[in-house]
Amino acid sequence: MGHHNHDRVEPTVAICTISSSRSHSEDSSGDVIESILCEADISIGTRELLDDSVPAIRSTVESLANDPDIDGIVTTGGTGVTPDDCTIEALDQLFEKRLPGFGELFRQRSIEEIGSRVVATRATAGIIDATVVCCLPGSENAARLGAAEIIAPELGHLAGLAQRS
């Protein structure tokens, strides 16, 4: 097992949907993420619906990152370039370590579907207080791609590395 002996076998995540217009019943992106992660034996510790505001995003993610029962946080929404997209601004200064490969891989995999419009996504990931934080765009297709192709296969490994002493 070697390098993988620290992997979290059944990690627990928090899902945070960032939107000023969605309700829990209209959160198809959060639903997709939850379904895919549960199928991958990743437990859902909580689901939150947050306003598109730096204070709301920052305080909720900081609180979740400090929860010893949460190994990862997946956000969906607020990663674009519109004036109200502020997920990255809320979290960027909190990242103790950045995982640029996450965004690079997400954009590489997205190009087949959306072509050059991939330049408008700022999907990213990093570590906050030994907790993996992955920031996905808010569309259902983006949530599906990120959860299925990147987060589900890699979260246990990343969480184990982030928590290794």
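In helix α1, six residue positions are buried: Ser-29, Gly-30, Val-32, Ile-33, Ile-36 and Leu-37. These residues cover an arc of only 160° around the axis, which puts them on the same side of α1. An α-helix has 3.6 residues a turn, so residues three or four places apart point the same way. The model is a predicted one.

Several elements cover the buried residues of α1. Among the strands are β1 (12–18), β2 (43–50), β3 (72–76) and β6 (131–136). Helix α5 (140–163) also belongs to this cover.

The length of α1 was compared with expectation. The helix runs over residues 28–39, twelve in number. At 1.5 Å a residue, α1 should span 16 Å. The C-alpha atoms at its ends lie 17 Å apart, which agrees.

The backbone just after α1 was examined next. There, Asp-41 takes a positive phi of about 60°. Asp-41 has this value although it is not a glycine. The residue is found in the loop between α1 and β2. Asp-41 has a relative accessible area of 52%. The cut-off for exposed is over 50%, so Asp-41 counts as exposed.

A positive phi also occurs at Ala-130, again in a residue other than glycine. The value for Ala-130 is near 65°. Ala-130 sits in the loop between β5 (124–128) and β6. Its relative accessibility is 27%. This value falls between the limits of 20% and 50%, so Ala-130 is classed as partly exposed.

Open space in the model was then considered. Rolling a probe the size of a water molecule over the atoms shows where empty space is left. The largest pocket has a volume of about 450 Å³. Its lining is made up of 30 residues. Those closest to the centre of the pocket are Thr-79, Pro-137, Gly-138, Ser-139 and Ala-142.

Three elements, β1, α4 (100–114) and α5, each supply at least two residues of this lining. The largest share, four residues, comes from α4. Two of these elements, β1 and α5, are also part of what covers the buried residues of α1. By class, the lining of the largest pocket has 15 polar residues, nine nonpolar residues and six charged residues.

Definitions and conventions: Residues numbered from 1 in each chain as written. Predicted model: local features only at pLDDT ≥ 70, side-chain atom pairs only at ≥ 80, totals over all residues. Heavy atoms only, no water. Expected span 1.5 Å × (residues − 1). Buried < 20%, exposed > 50% of the residue type's maximum accessible area, 1.4 Å probe, protein only. Arc of directions from axis to C-beta. Contact = heavy atoms within 4.5 Å. 1 Å grid on protein atoms, 1.4 Å probe; cavity = no way out; pocket = protein on both sides within 12 Å on 5 of 7 lines; lining within 4 Å. Points joined across faces, edges and corners; volume = space filled by probe spheres on them. Nonpolar A, V, L, I, M, F, W, Y, C, P; charged D, E, K, R; others polar.
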